[in-house]
Amino acid sequence: AKTLFISDLHLDRERPHILTLFERFLRHEARDADALYILGDLFEYWIGDDDDAPHLSGLADALRALSESGVALYFTHGNRDFLLGPAFAERTGMRLLDEETVIDLYGRRALLMHGDSLCTDDHEYMAFRDMVRTGHWQADFLARPLAGRREEAEAMRRRSRENGRTKAPEITDVSQASVEDAMRRHDVDLLIHGHTHRPKIHDLLVDGRPAQRIVLADWYETGGMLKVTPEGMKLVKVEG
Ligand SMILES: O=C(CCCCNC(=O)Nc1ccc(S(=O)(=O)N2CCN(c3cc(Cl)cc(C(F)(F)F)c3)CC2)cc1)NO
Ligand SMILES: [Mn+2]
């Protein structure tokens, strides 16, 4: 019995080797899992379920095949693919999770989230996030022609790359206060998230009680996942 967690693949037609690595992962490693949780930023960008970019159809088929093979597939939105909607979820057999979801992981309560909402020290990002996570802004954006959305996406990706270079690393990491707050609110001693691209199993104390925060790896250079079995948890590489 095993449950797998991945995030921050940032799939993009410009990195075809990662698309291939992921499709191979879906056809082999993931096949005997009880469930695969994709905790956000599966895609480098997502401008709507009506995006007809050529690399998306093969990917959707591979996800669908995994789901149809009997592996439960779950998706949490990231700061990149927060517009991924019910149509793509339906097409791929992915079940959309709430932004903060608690699951029973072989008898242990685990809080799952992408992790961008924990970066409360990045005030500029949090303001942007508040705006684009409202239904009104999303309806507006999705109502625009696809070409216009592509242009907006390109512009925002350029701005993001620029910000990524200039922002202090501690700003773009999670704030401990927000981590403890989230774990306290959900009464869990295990939090699994991505987003910061700083993979690690952290031991911490929440109100004096031992807890763990597991950060998933990004797939910019190579793949990575968290493999959980009733016997334990470990971060492992996913390679070709
Ligand atoms: O990336 C990191 C580190 C940086 C973390 C913060 N940076 C970050 O998230 N940047 C970012 C995220 C998504 C994209 S996008 O291309 O997918 N796309 C852009 C246009 N989007 C939009 C939606 C709405 Cl409702 C409204 C608008 C409006 F009104 F502004 F035009 C635009 C939809 C989404 C591009 C860049 N860690 O993971
Ligand atoms: Mn992210």
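User: Hi! Before we start, what counts as a salt bridge here?
Analyst: A salt bridge is a side-chain nitrogen of Lys or Arg within 4 Å of a carboxyl oxygen of Asp or Glu. Keep in mind that this is a predicted model.

User: Got it. How far apart are the closest N and O atoms of Arg133 and Asp116?
Analyst: They are 3.5 Å apart, and Arg133 forms a salt bridge with Asp116.

User: Where do those two sit in the chain?
Analyst: Arg133 is in the loop between α4 (123-132) and α5 (135-143), while Asp116 is in the loop between β6 and α4, so the pair ties together parts that are 17 residues apart in sequence.

User: And is each one buried or exposed?
Analyst: Asp116 is buried because its relative accessible area is 2%, under the 20% limit. Arg133 is partly exposed, at 25%.

User: How many salt bridges are there in total?
Analyst: The count comes to 26. Some are linked: Asp12, Glu44, Arg80, Glu154, Arg157 and Arg158 form a network of salt bridges.

User: Nice. What about Lys2, which residue does its side chain meet?
Analyst: Lys2 meets Asp32 in a salt bridge, with 2.7 Å from N to O. The pair links distant parts of the chain, 30 residues apart: Lys2 is in the segment before β1 (3-6), and Asp32 is in the loop between α1 (16-27) and β2 (35-38).

User: Which of those is buried and which exposed?
Analyst: Lys2 counts as buried at 10% relative accessibility, whereas Asp32 counts as exposed at 54%.

User: Where do Arg165 and Glu162 lie?
Analyst: Both are in helix α6 (residues 146-166), 3 residues apart, or about one turn of the helix. Arg165 forms a salt bridge with Glu162, the closest N and O atoms being 3.1 Å apart. Arg165 is exposed at 61%, and Glu162 is partly exposed at 39%.

User: Switching topic: what order do the strands of the 5-strand open sheet take?
Analyst: The order is β5-β6-β7-β9-β8, with mixed pairing. β5 (101-105) and β8 (200-206) are at the edges with a single partner strand each, so one side of each has no neighbour in the sheet. On average, neighbouring strands are turned by 25° against each other, direction ignored.

User: Which helix packs on the sheet?
Analyst: That's α7 (residues 176-186), which touches β5, β6 (108-112), β7 (190-193), β8 and β9. Its direction makes about 70° with that of β8.

User: And how many bridges join β8 to β9?
Analyst: There are 7, and the two strands run antiparallel. Within that pairing, Leu204 stands opposite Ala211 in β9.

Key: Residues are numbered from 1 along each chain as its sequence is written. Chains are lettered from A and ligands numbered from 1 in the order in which they are written. This is a predicted model: local features need pLDDT of at least 70, side-chain atom pairs count only at pLDDT 80 or more; totals for chains, interfaces and linings use all residues. Side-chain values use heavy atoms; hydrogens and water are left out. Two strands pair if DSSP finds at least two bridges between them. Helices (H or I, at least four residues) and strands (E, at least two) are DSSP runs, numbered from the N terminus. Axes are lines fitted to C-alpha atoms, for helices over the stretch in contact, and angles run from 0 to 180 degrees between N-to-C directions. Contact means heavy atoms within 4.5 Å. Buried means under 20% relative accessible area, exposed over 50%, partly exposed in between (1.4 Å probe, protein chains only).
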